[in-house]
Amino acid sequence: MATEILMPALSPTMEEGTLAKWNVKEGDTVSAGDVIAEIETDKATMEFEAVDEGTLGKILIAEGTEGVKVNTPIAVLIEEGESAEDAAASVEKAHAGTHEQGAGHPAPSKVVDEAGPGGQAPAPAVPDDPEIPEGTKMREMTVREALRDAMAEEMRADERVFLMGEEVAEYQGAYKVSQGLLDEFGAKRVIDTPITEHGFTGLSTGAAMGGLRPIVEFMTFNFAMQAIDQIINTAAKTRYMSGGQMSVPVVFRGASGAAARVAAQHSQDYAAWYAHIPGLHVAMPYSAADAKGLLKTAIRGETPVIFLENELLYGHSFEVPELDDFAIPFGKARIWREGSDVTLVSFGIGMEYTLKAAEKLAEDGVSAEVIDLRTLRPMDTAAVIKSVKKTNRCVTVEEGWPVGSIGNHISAVLMQEAFDWLDAPVINVTGKDVPMPYAANLEKHALTSVEEVLEAVRLVTYR
Amino acid sequence: MATAKSKKKSNTSKEDLLHYYREMLLIRRFEEKAGQLYGMGLIGGFCHLYIGQEAVVVGLEAAAEEGDKRVTSYRDHGHMLAAGMDPKGVMAELTGREGGYSKGKGGSMHMFSVEKHFYGGHGIVAAQVPIGTGLAFADKYNENGRVTFTYFGDGAVNQGQVYEAFNMASLWKLPVIYVIENNQYAMGTSVGRSSSTPEFYTRGEAFGIPGEAVDGMDVLAVKEAGERAIAHCREGNGPYILEMKTYRYRGHSMSDPAKYRTREEVQKVRETQDAIEHVRELLLQGKHADEDELKAIDKEIKAIVNEAADFARESPEPSLDELWTDIYA
């Protein structure tokens, strides 16, 4: 009986990868545990071991093939007496069937879903940016690459800047964000720490007081809860408590928010948590250009910065200007779409839902203005107020919990400063008020969706 | 409690002994005055006095060099005075006035002086331990040969982040001296009731950090131990632990009911172990000074402290605009 060898998912968010190399050829005998191939994703290159034994009858996907979807058959193992060609043919036939029915191989969790973020659909066009001079050459790059470039450029410019965190050096970053930095800057400036968040957060804060400019990578911000005392009680407050004598110029960066199927302890959005704290700056970029420009500003500043990234966005590509020195100021929102009927306000991965919703609304004849806050502290509420005075309606979109959310704050600001311009109550579209469940269907439901954004717009426009 | 004090210190000069006497006395009189101002309602909030422990900071400062750094907990007035910070600025911070080191915005527990390399004044027990380790990290990064004194108490020594810091300091050979001021009580809980192993100088063994117990009531012993620790750090051998066996005469803070120890216990230490009395005896026995000279010093110190108290009373409260400054650069 022939056995299919399927393209493996090597991480919770992997959807596809490159079959970089076959270590075996057709006709070879394979035992369980043999490394038969190397699979490359945007995050890492991994060895792929056989789980069954037999003879490699047929290679279905040639080495070097890019964009091989998870669960695609890549080879067939046959037993003695079987014909390789027959086995391969039967596998292909079987797969043609399952694909059509959508059964057998369920789509990996919530990704590649029209109603949610993720997927590798082409990124929406970045709107004209007044900060970018006309005629600037643009280069497409992923958010991951943009973050790396920002760090590398600032490390070249300032000897005091260094990167510290778990697996940032030799492993090249748990999410491959720091790839190549160890090679360029050496072990003095790209430092693997023990798994000791409270310790290295306090240590980096002390190093900043001592005159250095640390960038601390939290593998994810969930782990920063071990260290939140040092972030809030020391980093954020020292400038004030010292009467302005001492700054703590440290950047805490890493993934925040839900990834895919990592459940309650690894899936939460920290935007509202940190935006609450005076003394911190909080950035949560969506596009690669903003990730780069904001991170450069963060590293240069005197203020401790919480820089919230998103695992699902790391692999997304956007146009980034090729400028020698591209830094984006904090506290300035970006208008992604101009519109006249409703203002949609979001940030970070929330922009995925928001932009998709705006596109659908446009098809239905509703003109939505889309604002990406980009930084939550300082927050460009002036841009939101200005827009609402034009559209008279507002919906906020975020993945975080509803109580004490960023949307709640915007609602309050609009009530106080644009009450007479509002034609409908502001609606906050948020994640559900529950710990993140593991089951795929529940997780999808716990987050927000394009449909929920559309429904909120229907309500505020009384349609 | 500590062993008998060094009686024969003929090699300590008159100048040094007088310096230690003066420095320790300044801390004690300053703290007594702070206690008085607290009682008058001029100092608010929490106020933790250093009376009894003076030899620790004075001895270590005597071993330190210009540019070395120090960081400590909220029982920090003595550390600031020993580091050379102005008593007026410290006292005015205690009263929450514009002339304080933090313009009145930090208070007793949160004071800093970049000029004197004093990095706080931290209100969360043990938070200063990774911070001091980070200061040492910066010194190693900058290859400047400096060391950082990271002070913490017998209460802090049971916090997890202490050991996270120990591990990294030893792993990366950071020039940090961990000074455990064991005054025997974490607030109201004695070492015996809080710590499975009371030999705190051995707490670095699992990380390969050498340590020694020191009579923290003997300023000469403290200085010598400090010199050993500094040499160890400056030679690039990584961190070092000094457990200072000391004693706090006053309560944990001003509102301490002192139900956890007897009056006799405190009295006995005062009578037999007092750090200032020790140096006073050395000065008199060695004929380095007579009673009149010491009285003159007492008077001088009293004047400095009174001046600080007057300044702290007269300095205006910060302007209301200060509420909104120093949050962002």
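Start by selecting A:Gly243. Leaving aside residues up to four places away in sequence, A:Gly243 touches B:Tyr101, B:Ser102, B:Lys103, B:Lys105, B:Gly106 and B:Asp326. Contact here means that the C-beta atoms of two residues, placed from the backbone, lie within 7 Å. This is a predicted model: local features need pLDDT of at least 70, side-chain atom pairs count only at pLDDT 80 or more, and totals for chains, interfaces and linings use all residues. Residues are numbered from 1 along each chain as its sequence is written, while chains are lettered from A and ligands numbered from 1 in the order in which they are written.

Stay on A:Gly243. It sits in the loop between α6 (238-241) and β13 (251-255) of chain A. Helices (H or I, at least four residues) and strands (E, at least two) are DSSP runs, numbered from the N terminus. Why is A:Gly243 counted as buried? Because it has 23 C-beta neighbours inside 10 Å. The cut-offs: buried takes 20 or more other C-beta atoms within 10 Å, exposed 12 or fewer, partly exposed in between, with C-beta atoms placed from the backbone.

Now show both chains. The contact involves 32 residues of chain B and 33 residues of chain A. On the chain B side, select α5 (128-142) and α6 (160-171); each supplies at least two residues. The largest share, 10 residues, comes from α5(B). By class, that side of chain B has 17 nonpolar, 10 polar and five charged residues. Nonpolar covers Ala, Val, Leu, Ile, Met, Phe, Trp, Tyr, Cys and Pro; charged covers Asp, Glu, Lys and Arg; the others, Gly among them, are polar.

Next, select strand β8 (residues 73-78) of chain A. Five of its six residues are buried, so β8(A) is largely enclosed by the rest of the structure. Look for A:Leu6 opposite A:Pro73. Strands pair if DSSP finds at least two bridges between them.

Finish on chain B with helix α11 (residues 291-314). It has 24 residues and reaches 34 Å from first C-alpha to last, close to the 34 Å expected at 1.5 Å a residue. That expected span is 1.5 Å times one less than the number of residues. Which residues of α11(B) are buried? B:Ile301, B:Val305, B:Ala308, B:Ala309 and B:Ala312 are. Their cover includes α1 (14-39) and α4 (87-94) of chain B.
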